[in-house]
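Here is a briefing for a reader new to this structure. Please look over the sequence and the model first.

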Amino acid sequence: MSDMKQVIALAGLSLVLSGPMSSLAGAAEPYAGAAASDGTTPLPAVDGLNAKVSSFGGATDGQALYGGVGSVTLPLGFRYGLQIDAFVGGLDSRAQGDVSAIGTAAHLFWRDPARGLFGLYGQYVDFDAYSGVNTYVGAGEAALYPGSYTHLTLPTLLPVSRRTG
């Protein structure tokens with residue numbers, strides 16, 4: 001049948017690296033053995049240098065979507081952390097041709113694993129579709145951990161600019 005569409009499922013690969021590398025990232029070691037008032041040992045915001053990378057891709061009817069994502073998180077003391085994210089991707093689009101995007105983001109946060117998280121978030125993304133589009137995001141983020149649930153709030157400000165030519 002000539003009008004049958006060829007479909008290939010999305011495929012991906014992920015790799016997560018973590019371990020007791022906290023001294024390399026400057027974690028505050030004096031708190032590691034400190035006991036909380038209830039007798040339990042408090043947990044740090046980030047337990048060490050962590051990294052993860054993922055890739056994705058797929059195609060349908062001669063059009064493809066592909067890319068990769070990476071993230072590094074490191075402790076900045078016992079209750080503070082920094083996460084840096086990056087991605088690159090592409091899309092074969094009938095309307096726009098080959099479209100690519102590249103972006104980065106950062107999270108600077110205070111976190112107590114028993115109570116919650118508060119932080120600042122910033123993101124920049126560059127798309128080469130529609131003669132070029134840049135997006136900038138700034139946000140505050142908060143998460144509360146009541147019991148076994150997580151409540152996340154992320155109020156954002158999203159200015160978008162468009163390049164011409």
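Arg79 is found in the loop between β3 and β4. This is a predicted model, in which local features need pLDDT of at least 70, side-chain atom pairs count only at pLDDT 80 or more, and totals for chains, interfaces and linings use all residues. Residues are numbered from 1 along each chain as its sequence is written, and side-chain values use heavy atoms, with hydrogens and water left out.

**Arg79 and its surroundings**

- Arg79 counts as buried because its relative accessibility is 17%; buried means under 20% relative accessible area, exposed over 50%, and partly exposed in between (1.4 Å probe, protein chains only).
- Leaving aside neighbours within four places in sequence, Arg79 is in contact with Pro42, Leu43, Pro44, Ala45, Phe109, Trp110, Arg111, Asp112 and Pro113. Contact means heavy atoms within 4.5 Å.
- The C-alpha atoms of Arg79 and Ala45 are separated by 4.7 Å, although the two are 34 residues apart along the chain.
- The backbone oxygen of Leu43 is reached by the side chain of Arg79 at 2.6 Å.

**Salt bridges**

- Side chains of opposite charge can pair when their charged atoms come close.
- The structure holds 2 salt bridges, each a side-chain nitrogen of Lys or Arg within 4 Å of a carboxyl oxygen of Asp or Glu.
- Arg79 forms a salt bridge with Asp112, and their closest N and O atoms are 3.9 Å apart.
- This pair links distant parts of the chain: Arg79 sits in the loop between β3 (63–75) and β4 (80–93), and Asp112 in strand β5 (residues 97–112), 33 residues apart.
- Asp112 also meets Arg115 in a salt bridge, at 3.0 Å from N to O.
- Shared partners join Arg79, Asp112 and Arg115 into one network.
- Is Asp112 buried or exposed? Asp112 counts as buried because its relative accessibility is 7%.
- Arg115 counts as exposed, because its relative accessibility is 56%.

- Phe56 has its place in strand β2 (residues 50–60). With a relative accessible area of 33%, Phe56 is partly exposed.
- Phe56, Leu65, Val69 and Leu91 form a nonpolar patch on the surface, with about 300 Å² of accessible area together.
- Patches are made of residues with over 30% relative accessible area and no salt bridge; like charges are joined within 9 Å, and nonpolar side chains (Val, Leu, Ile, Met, Phe, Trp, Tyr) within 5 Å.
- Val53 lies in strand β2 too, and counts as partly exposed at 45% relative accessibility.
- Between the C-alpha atoms of Val53 and Ser71, 18 residues apart along the chain, the separation is 6.5 Å.

**The whole chain**

- The protein chain has 1 helix and 10 strands. Helices (H or I, at least four residues) and strands (E, at least two) are DSSP runs, numbered from the N terminus.
- From the N terminus on, the order is β-α-β-β-β-β-β-β-β-β-β.
- Of the 165 residues, 29% count as buried.
- Among contacts between residues at least 6 apart in sequence, 49% join residues at least 24 apart.
- The accessible surface comes to about 10700 Å², and 64% of it belongs to carbon and sulfur atoms. Such areas come from the Shrake-Rupley method with a 1.4 Å probe; for residues, only the protein chains shown count as cover.

**Confidence**

- The mean pLDDT of the protein chain is 75, and 67% of its residues reach 70 or more. pLDDT is the predictor's confidence in each residue, from 0 to 100.
- Over residues 1–35 the pLDDT is below 50, and this stretch has 54 contacts in the model beyond near neighbours in sequence.
- Where pLDDT is low, the predicted coordinates should not be read in detail.

Note on methods. A polar contact is a pair of N or O atoms within 3.5 Å; within protein, one must be able to donate a hydrogen and the other to accept it, and residues adjacent in sequence count only if both atoms are side-chain atoms.
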